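Welcome! Please take a moment with the sequence and the structure below, and then we can walk through them together.

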Amino acid sequence: MKEKQSVKELQPYVVNPVVCSVKLDANEGNKDLFKDLIKDIGDDFYLNLYPDDNYTQLKEAIVNYIGCKIENISVGNGSSELLDLCVKTFVDTNELILSLDPTFSMYSIYAKIVNSRYIGAGEGNDFIINVDDVIKSIKENDPKLTIICNPNNPTGTIIKRDDVLRIVKSTDNVVIVDEAYMEFSNESVVDEIENYDNLIVVKTMSKAFSMAGIRTGYLIANEELVKTIEKVRPPYNLNSISALLATKALKQKDKMLSYVENLKVEREKIYEKLLDMGVKAYKSGANFVFFSSKVDNLAEKLIDNDVLIRKFGGKLDNYYRVTVGSPKENEAFLNAMKKIV
Ligand code: PMP
């Protein structure tokens with residue numbers, strides 16, 4: 001094999017292959033929320049044509065949803081592609097990427113692929129991010145790129161807007177705020193992109209809009225940063241069916257918001273019920289609840305009850321993350337937990 005050294009050492013991101021009828025492992029949304037949109041793709045849609053590489057209609061829908069200018073947006077094949085694109089755009093071999101600890105594991109994978117270094121910072125009590133430590137680490141290590149996941153995956157903890165901005169202010173280099181789950185909280189800094197020339201906010205259609213299958217993400221930043229990222233973006237990176245479906249969904253913001261409101265009620269229910277069972281659960285600002293349990297093989301026992309959740313290893317051994325699903329799915333999870341714990 002002739003792969004480069006950094007790829008030889010890479011551990012792949014593991015997607016759980018187990019099938020359960022209650023699937024609460026990947027923070028996916030409601031299966032019916034925008035299902036109807038598939039039906040009205042329409043006769044004026046042509047599969048032979050490449051997509052509009054400016055993605056103008058999608059960007060106009062994002063402009064209306066976010067309140068920015070069209071020049072502030074880049075779109076991607078999931079926010080995954082945009083995170084990868086930003087790493088490729090801003091970080092060279094041996095330069096440093098700083099993120100939180102723990103956080104979304106893909107950041108360190110993107111870092112490895114480009115042969116950069118990676119550190120996590122800000123680990124606080126009960127997984128609450130110690131923002132002063134993050135800033136201290138930025139000052140000490142001068143990372144070329146900082147990635148802040150807010151709300152944080154997998155813990156669900158939230159960093160207040162003002163604290164995020166303190167982090168952005170602490171460096172002249174680029175800071176990405178990954179707001180994949182921000183619709184479930186209220187600390188977005190997306191309205192600050194014109195005030196900070198090093199701020200990029202990354203968002204996705206996969207979570208609150210419940211459209212992980214169409215792989216659509218977007219980033220918002222000042223025009224100069226977007227122009228730079230656009231130099232690295234492959235042409236036609238988002239397929240035209242996804243662009244169309246995302247455009248239509250963004251125009252139905254109220255539908256998404258009502259789903260989010262109901263989900264938050266369910267999230268608090270799961271959190272409270274886990275605490276009632278004596279399980280150490282963590283307050284979440286996302287569409288999942290993080291918890292720990294010493295029960296042996298808990299995830300496997302849940303699978304035996306037809307419920308799939310996410311389990312972690314290494315430093316997070318005995319920690320789990322359950323997606324907030326439909327009321328029926330959440331009840332199935334809680335009933336199985338009651339039986340097992
Ligand atoms: N960021 C975070 C924090 C995530 O949890 C995920 C998906 N789990 C992503 C980005 C990527 O999402 P997508 O590519 O579906 O937009």
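Let us begin at the ligand: one of its oxygen atoms is 2.7 Å from an N or O atom in the side chain of Tyr181. Before going further, please keep in mind that this is a predicted model. Thr204 also reaches the ligand, with an N or O atom of its side chain 2.6 Å from a ligand oxygen. Ser206 does likewise, placing a polar side-chain atom 2.6 Å from an oxygen atom of the ligand. How many residues surround the ligand? There are 15 of them, and the closest are Ser79, Ser80, Asp178, Thr204 and Ser206.

Now step back and look at the chain as a whole. It is divided into two parts: domain 1 is made of residues 5-31 together with 254-340, while domain 2 covers 45-251. Where the two touch, domain 1 contributes 29 residues to the contact and domain 2 contributes 30 residues.

How can we describe the size of such a meeting place? It is often given as the accessible area that is lost when the parts come together. Here, domain 1 and domain 2 bury about 2,300 Å² between them, and 63% of that is on carbon and sulfur atoms. On the side of domain 1, the residues that lose the most area to domain 2 are Tyr13, Met256 and Gly285, which together make up 23% of what that side buries.

Eleven residue pairs are in polar contact across the interface of domain 1 and domain 2. Several elements of domain 1 each supply at least two residues to the side that touches domain 2: helix 9 (253-276), strand 9 (280-282), strand 10 (288-292) and strand 13 (319-323). Helix 9 gives the largest share, six residues. Sorted by kind, the residues on this side of domain 1 are 15 nonpolar, eight polar and six charged.

The count of salt bridges between domain 1 and domain 2 is three. Asp101 forms a salt bridge with Lys315, and their closest N and O atoms are 2.8 Å apart.

Asp101 also leads us to some details of the backbone. Most residues other than glycine have a negative phi, and most peptide bonds are trans. Asp101 and Pro102, however, are joined by a cis peptide bond, with omega about -5 degrees. Pro102 sits in the loop between strand 3 (96-100) and helix 4 (106-113). Another cis peptide bond links Asn153 to Pro154, with omega about 15 degrees, and Pro154 belongs to the loop between strand 5 (145-149) and helix 6 (161-169). You can find Asn115 in the loop between helix 4 and strand 4 (117-121).

Note on methods:
Residues are numbered from 1 along each chain as its sequence is written. This is a predicted model: local features need pLDDT of at least 70, side-chain atom pairs count only at pLDDT 80 or more; totals for chains, interfaces and linings use all residues. Side-chain values use heavy atoms; hydrogens and water are left out. Domain bounds come from an automatic or database domain assignment. Contact means heavy atoms within 4.5 Å. Buried area is the accessible area (1.4 Å probe) that two parts lose on being put together, summed over both. A salt bridge is a side-chain nitrogen of Lys or Arg within 4 Å of a carboxyl oxygen of Asp or Glu. A polar contact is a pair of N or O atoms within 3.5 Å; within protein, one must be able to donate a hydrogen and the other to accept it, and residues adjacent in sequence count only if both atoms are side-chain atoms. Helices (H or I, at least four residues) and strands (E, at least two) are DSSP runs, numbered from the N terminus. Ala, Val, Leu, Ile, Met, Phe, Trp, Tyr, Cys and Pro count as nonpolar, Asp, Glu, Lys and Arg as charged, and the others, Gly among them, as polar. A residue is near a molecule or strand if one of its heavy atoms lies within 4 Å of it.
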